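Read it with the structure open.

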Amino acid sequence: MKIISQIAANFYHFLQRQMTRMWWKVGTIILLFYTLIAGFLLGVPDKFILNETIRNLYFHVPMWMAMLSVFVMSVFYSIRYLDKGLEKDDLAAVECVNTGMFFYVLGLLTGMLWAKYTWGAYWSGDPKQNSAAIAFLLYCAYLVLRNSIDEEQKRAKISAIYNIFAFPIMIVLIFVIPRMTDSLHPGNGGNPAFGRYDLDGRMRAVFYPAMAGWSLLAVWIATLRYRIRLIEYKNNSLD
Amino acid sequence: MKKLLFLILLTLSNIAVFAQNGTGPEMADVFRSSGKIYVVVAIVVIILAGIAIYLFSIDRRLRKIEKEK
């Protein structure tokens, strides 16, 4: 237990130090340039129904990965808040969720557009779509809950606890339940996945950098929002 | 910096290896043979470049404000 909290503390300070650094932001942009160029120009397996939309793997799936990355960070900061009670950790948690929601919407919209051309309708009530919509409301409820409490510490504590519980439910809704039912989504309900056996080397070469690049971009935007929020918070507490 | 450059070089080195497309399901071959796909790629690159410059400028402004404190 002591080791875990030591690792967490080290990770926390690492994030604090790297937040204003340049190197990983430059790396993010390089990764994204690579994935956007290679994502269109490199070869992909020829599959019926999917056709060229197989390239959606490079653009739609990383939106969810980016969302997941900032949501994980948000849970980390929520736990940290409950442990230490620092107001800025609460601000970090909420800005991570705000950024995650942005990528959540992008993921839903890109998924719907793709569904129109492969499944025949923007929304066909597929288990994957329905679960994603429910999980979206779950996080909307988080933001509404936050804004409905005026007292600062109470708001931070309640929303931190809610956030910690919302995260595993979101994971189960989006990534577990559709896999157990007859979802049409690739990788679910016995459909061919872009998984270990289907994803060939050419796609891996773009897919993994894309996942890393978009995740880092989400983290970058979250840190920007957090730094703005922190300045606002300091200004408000001075008055 | 040297390590970073080496990493980028390695990441990009596989582009030349993958080039052909088999026959079978309909893919965007006409689009590619007419060369116009590069127009789309160029547009996407411009958009990303814009977003990158935008984010870096926000970052710089923020750092300036943080230093004033």
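## Aromatic pairs

Over all chains, the structure holds 13 aromatic pairs. One of them joins A:F71 and A:Y139. Their rings are stacked, 4.1 Å centre to centre, with 15° between the planes. The pair links distant parts of the chain: A:F71 belongs to helix α4 of chain A, A:Y139 to helix α6 (residues 127-147) of chain A, and 68 residues separate them. Both A:F71 and A:Y139 are buried. The model is predicted.

A:W220 and B:F56 make another pair, with ring centres 4.8 Å apart. Their planes stand at 55°, so this pair is tilted; stacked pairs need planes under 30 degrees apart, and edge-to-face pairs need over 60. This pair crosses between chains. A:W220 lies in helix α8 (residues 201-238) of chain A, and B:F56 lies in helix α3 (residues 37-68) of chain B. A:W220 and B:F56 are both buried.

## A cluster and a charge

A:F11, A:Y12, A:F76 and A:Y77 form one aromatic cluster. A:Y12 also has a charge over its ring. The charged end of A:R80 sits there, 3.8 Å from the ring centre.

## The site of A:S74

Where does A:S74 lie? The residue is in helix α4 (residues 61-84) of chain A. Is A:S74 buried or exposed? Its relative accessible area is 0%. Buried means under 20%, so A:S74 counts as buried.

Which residues touch A:S74, leaving aside neighbours within four places in sequence? A:S74 is in contact with A:A93, A:C96, A:V97 and A:N163.

## The interface of chains A and B

In chain A, 32 residues are in contact with 33 residues of chain B. The two chains bury about 3200 Å² between them. Carbon and sulfur atoms carry 75% of that area.

How many salt bridges cross the interface of chain A and chain B? The rule finds three. B:D59 forms a salt bridge with A:K25, and the closest N and O atoms are 2.8 Å apart. Five residue pairs are in polar contact between chain A and chain B, both residues at pLDDT 80 or more. On the side of chain A that touches chain B, α2 (23-41) and α8 of chain A each supply at least two residues. The largest share of that side, 11 residues, comes from α2(A).

Key:
Residues numbered from 1 in each chain as written. Chains lettered and ligands numbered in written order. Predicted model: local features only at pLDDT ≥ 70, side-chain atom pairs only at ≥ 80, totals over all residues. Heavy atoms only, no water. Helix = DSSP H or I, 4+ residues; strand = E, 2+ residues; numbered from the N terminus. Buried < 20%, exposed > 50% of the residue type's maximum accessible area, 1.4 Å probe, protein only. Contact = heavy atoms within 4.5 Å. Phe/Tyr/Trp six-rings, centres within 6.5 Å; stacked < 30°, edge-to-face > 60°. Lys NZ or Arg CZ within 6 Å of the ring centre and 35° of its normal. Buried area = accessible area lost by both parts, 1.4 Å probe. Salt bridge = Lys/Arg side-chain N within 4 Å of Asp/Glu carboxyl O. Polar contact = N/O pair within 3.5 Å; in protein donor to acceptor, adjacent residues only side chain to side chain.
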